[in-house]
Amino acid sequence: MPELPEVETVVKGLNKLILNKKVVSVESDWKKSFPNDINAVENFLINSIIKAVRRRAKVIIIDLNTNYSLICHLRMTGQLVYRGECNWGGGHPNDDFLANLPNKSTRVTFSFSDNTKLFFNDQRKFGYIILLPTSEINNLPFFKKVGPEPLEDSFKVEHFIERVSLKQNSMIKPTILDQSVIAGVGNIYADESLWEAKIHPETRVNKLSSVDLENLYKAIRKVMKISIQRGGSTDRNYVKADGTRGNYLEYASVYHKNNEICKRCKKFRISKIKVAGRGTHICENCQKVK
Ligand SMILES: [Zn+2]
């Protein structure tokens, strides 16, 4: 499932690829992937110009010049992939599945006036794209309750400690996975950040010192920034907007590294445990329960 760095990478890619393009048609053969009123589509999407692509938490927002926006939830397996006219490969998809689009996972196809296209592929069909007035976005229940953006300059360590401390009796890993506490952290970056900060994922929040929490705050920002530089983590389905894969997982310290030697202490092997129902990767030497 894409997390903040993956969604941010898609947004950066789309900003290079689709800004100022004019939408001439949209096709969808799966109602739940594009559950929009036909009149709204005709009036506010068709013939609109794409003005901006942005992100809030793990949601992609495409703003149109009609004061409407497309809100894209990728969920488990969603992909937004752009294809240019000439080579049908704005990038070089290193995945046979993406060599020819549309394919059997394509749920929505946007066509632009220059004959280029944007495909929304979604194998598992949990994702969707809704069209709605830009001014209504902040009133959606999800946007009302989602926590602050961890990479914003305005998000200081005091805010992080304040947010996490709302869950005094909870274990730290499910706390940072909680989207109402902080936006965009999923399983990969939770494991990577907790290893980086030398915190066992089952430690209760009330057992962590302010130094621990400061280390965790720095670790979350560090691993996410490195991942964005690497184009995100391609675990299964995630791809960048040009159809290519991210390579952060090659640099990851614990995620999917079970049985490899910990690169910090070089004594223990990374083990996989379950924390609050989620597969979790740790070094038992570097991350001790308090
Ligand atoms: Zn270690």
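Here is a walk through this predicted model, from its overall build to a few local details.

A word on ground rules comes before the tour. Because this is a predicted model, local features need pLDDT of at least 70 and side-chain atom pairs count only at pLDDT 80 or more, while totals for chains, interfaces and linings use all residues. Residues are numbered from 1 along each chain as its sequence is written, and side-chain values use heavy atoms, with hydrogens and water left out.

Let us start with the whole protein. It has 7 helices and 10 strands; helices (H or I, at least four residues) and strands (E, at least two) are DSSP runs, numbered from the N terminus. The C-alpha trace spans about 60 × 40 × 30 Å along its principal axes. The radius of gyration, taken over C-alpha atoms, can be set against a globule rule of 2.2 Å times the number of residues to the power 0.38. For 290 residues a compact globule would come out near 19 Å, and the protein has 20 Å, which agrees.

How much of the chain is hidden? Buried residues make up 54% of the 290 residues, where buried means under 20% relative accessible area, exposed over 50%, and partly exposed in between (1.4 Å probe, protein chains only). The accessible surface comes to about 13600 Å², and 47% of that surface belongs to carbon and sulfur atoms. These areas come from the Shrake-Rupley method with a 1.4 Å probe; for residues, only the protein chains shown count as cover. The contacts (heavy atoms within 4.5 Å) also tell us about the fold: among those between residues at least 6 apart in sequence, 65% join residues at least 24 apart.

Now to the charges. There are 46 positive and 31 negative side chains, and the centres of the two sets lie 4 Å apart. In that count Lys and Arg are positive and Asp and Glu negative, with His and the chain ends not counted; each charge is placed at NZ of Lys, CZ of Arg, CG of Asp or CD of Glu. A search of the whole structure finds 10 salt bridges, a salt bridge being a side-chain nitrogen of Lys or Arg within 4 Å of a carboxyl oxygen of Asp or Glu.

One of them pairs Arg55 with Glu8, with the closest N and O atoms 2.7 Å apart. This pair ties together distant parts of the chain, since Arg55 sits in strand S2 (residues 50-56) and Glu8 in helix H1 (residues 4-17), 47 residues apart. Arg55 is buried, at 18% relative accessible area. Both residues also belong to a network of salt bridges that links Glu8, Arg55, Arg56 and Glu149.

Another bridge joins Asp212 and Lys290 at 2.5 Å, N to O. Here too distant parts of the chain are linked: Asp212 lies in helix H7 (residues 210-229) and Lys290 in the segment after strand S10 (278-282), 78 residues apart. Asp212 is buried, with a relative accessible area of 11%. A further bridge, between Arg54 and Asp63, has an N to O distance of 2.5 Å. Arg54 counts as partly exposed at 35% relative accessibility, whereas Asp63 counts as buried at 12%.

Helix H7 also holds Ser227, which counts as buried at 0% relative accessibility. Leaving aside residues up to four places away in sequence, Ser227 touches Pro5, Glu6, Tyr189, Gly232, Ser233 and Tyr248.

Tyr189 takes us to helix H6, as one of the buried residues there. In helix H6 (residues 187-196), 9 of the 10 residues are buried, so the helix is largely enclosed by the rest of the structure. The cover over those buried residues includes H1, helix H5 (172-177), H7 and S10. Just after H6, Lys198 takes a positive phi of about 55 degrees.

That brings us to backbone geometry. Most residues other than glycine have a negative phi, and most peptide bonds are trans. Asn67 has a positive phi, near 65 degrees; this residue lies in the loop between strand S3 (59-64) and strand S4 (68-73) and is exposed, at 60% relative accessible area. Lys125 also has a positive phi near 65 degrees, in the loop between strand S7 (117-122) and strand S8 (128-133), and is partly exposed at 31%. Finally, a cis peptide bond joins Leu101 and Pro102, with omega about 0 degrees. Pro102 is found in the loop between strand S5 (78-83) and strand S6 (106-112).
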